Structure formats: C-alpha cells, structure tokens
Amino acid sequence: MKFKLKYPMLMIPGCILAAALGMAIAAERAAFADAPMHGMLMPASAPSGPPVSANAVAIHNFVFGPNAITVAAGTTVTWTNQDNEPHSVVMIDQSFRSPPMDTGGHFSHTFAAPGQYRYFCGFHPQMTGVVIVRGSNG
Ligand SMILES: [Cu+2]
C-alpha cells in the first residue's frame, strides 16, 4: 500500500510548516505592536521658520500661521480659527489660555512684557506656535 505510507509523510512536513508559519506571524505581530505609531501621534515640535512681523495668527488646517511671529511689547495679538474644528491657544508657561474657538472665533491677548511665548492648541497639542515680544528698544 503505497498511499498509506506516502500520506503521513506529506502530512508531517505540512504540520511543521503550518506551525512555523504561525510562529512567524505571531513574531511579526509582536514586532508591529512594539513599533511606535508614526503618523498617529506626532511629538510636539518646536516651531519652525523665521518669525514674521504680524499681530494676527490664522488657525487653518491644524496649523498656526504664521507659527512664529514677532511683535513689539504692548501689541495685541489676535488668533482666528478658520477650521471646522475647535482650537485654542494655551501658553506653555501657563500665563494664559484661550477659551475654545469655534469656526470663525477669535481670541486676543496683549503682550506687555518682552519674551518668547510658546504655545500649543489645547485640543491638538501637536499644533504649536510662538510669539516673540521685543522690547521698545528693539
Ligand atoms: Cu487645535
């Protein structure tokens, strides 16, 4: 009976292969679980680009634009939300935070003292910006 001999011979390697494949899949899943979720949660990064002389910041497409502005001490800066999502302005030094701004909403703050005021959005902390306030002598 050639078939009775041949059949177990085929089954054993098949089982080993299936077990090996199962282990490989499990190992791959474990590696995937350990991998950081790039793109899902970006770390809050420092604002990039040169500061722009302006006293208005538009919030559009989840970006403060310009995200770095330079103003003279005593200037009132106004943020306006152009997105269909609520945004806010929260100072990293916790000196102030805006209420949530809905679409078309705006918030103003007068910067009396020179300094670098870094902020982020309370809803989306990956959104960051900075207001650089210069003294009256420049
Ligand atoms: Cu936001």
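Colleague: Of the contacts in the chain with a separation of 6 or more, what share comes from residues 24 or more positions apart?

Modeller: Such residues account for 46% of those contacts. Please note that this is a predicted model.

Colleague: How does the confidence look, and what is the average pLDDT?

Modeller: The average pLDDT of the chain is 78, and 64% of the residues score at least 70. Over residues 7-43, however, the pLDDT is below 50, and this stretch has one contact in the model beyond near neighbours in sequence. Where pLDDT is low, predicted coordinates should not be read in detail.

Colleague: Which strands form the open sheet, and in what order?

Modeller: Five strands form it, in the order S1-S4-S9-S8-S6, with mixed pairing. Strand S1 (52-53) and strand S6 (90-91) each have a single partner strand, so one side of each lacks a neighbour in the sheet.

Colleague: In what sense do S6 and S8 pair?

Modeller: Their pairing is antiparallel, over two bridges. Val90 has Phe120 in S8 as its bridge partner.

Colleague: Changing topic: what share of the residues counts as buried?

Modeller: Of the 138 residues, 17% count as buried. The largest nonpolar core has 17 residues, of which Val57, Ile69, Trp79 and Val131 touch the most other members. At least two residues of this core come from each of strand S2 (56-60), strand S4 (68-72), strand S7 (106-111) and strand S8 (115-120).

Colleague: Which residues does Val131 touch, not counting those up to four places away in sequence?

Modeller: On that basis, Val131 touches Ile69, Val71, Val77, Phe111 and Tyr117.

Colleague: And Ser88: where is it found?

Modeller: Ser88 is located in the loop between strand S5 (75-81) and S6.

Colleague: Is Ser88 buried or exposed?

Modeller: Ser88 counts as buried, because 21 C-beta neighbours lie inside 10 Å, and the cut-off for a buried residue is 20 or more.

Colleague: Which residues are in contact with Ser88, leaving aside neighbours within four places in sequence?

Modeller: Ser88 is in contact with Arg97, Ser98, Pro99, Pro100 and Met101, as well as with Cys121, Gly122 and Phe123.

Methods
Residues numbered from 1 in each chain as written. Predicted model: local features only at pLDDT ≥ 70, side-chain atom pairs only at ≥ 80, totals over all residues. Buried ≥ 20, exposed ≤ 12 C-beta atoms within 10 Å, placed from the backbone. Contact = placed C-beta atoms within 7 Å. Core = buried A, V, L, I, M, F, W, Y, C linked by C-beta atoms within 7 Å. Helix = DSSP H or I, 4+ residues; strand = E, 2+ residues; numbered from the N terminus. pLDDT = per-residue confidence, 0-100. Pairing = 2+ DSSP bridges.
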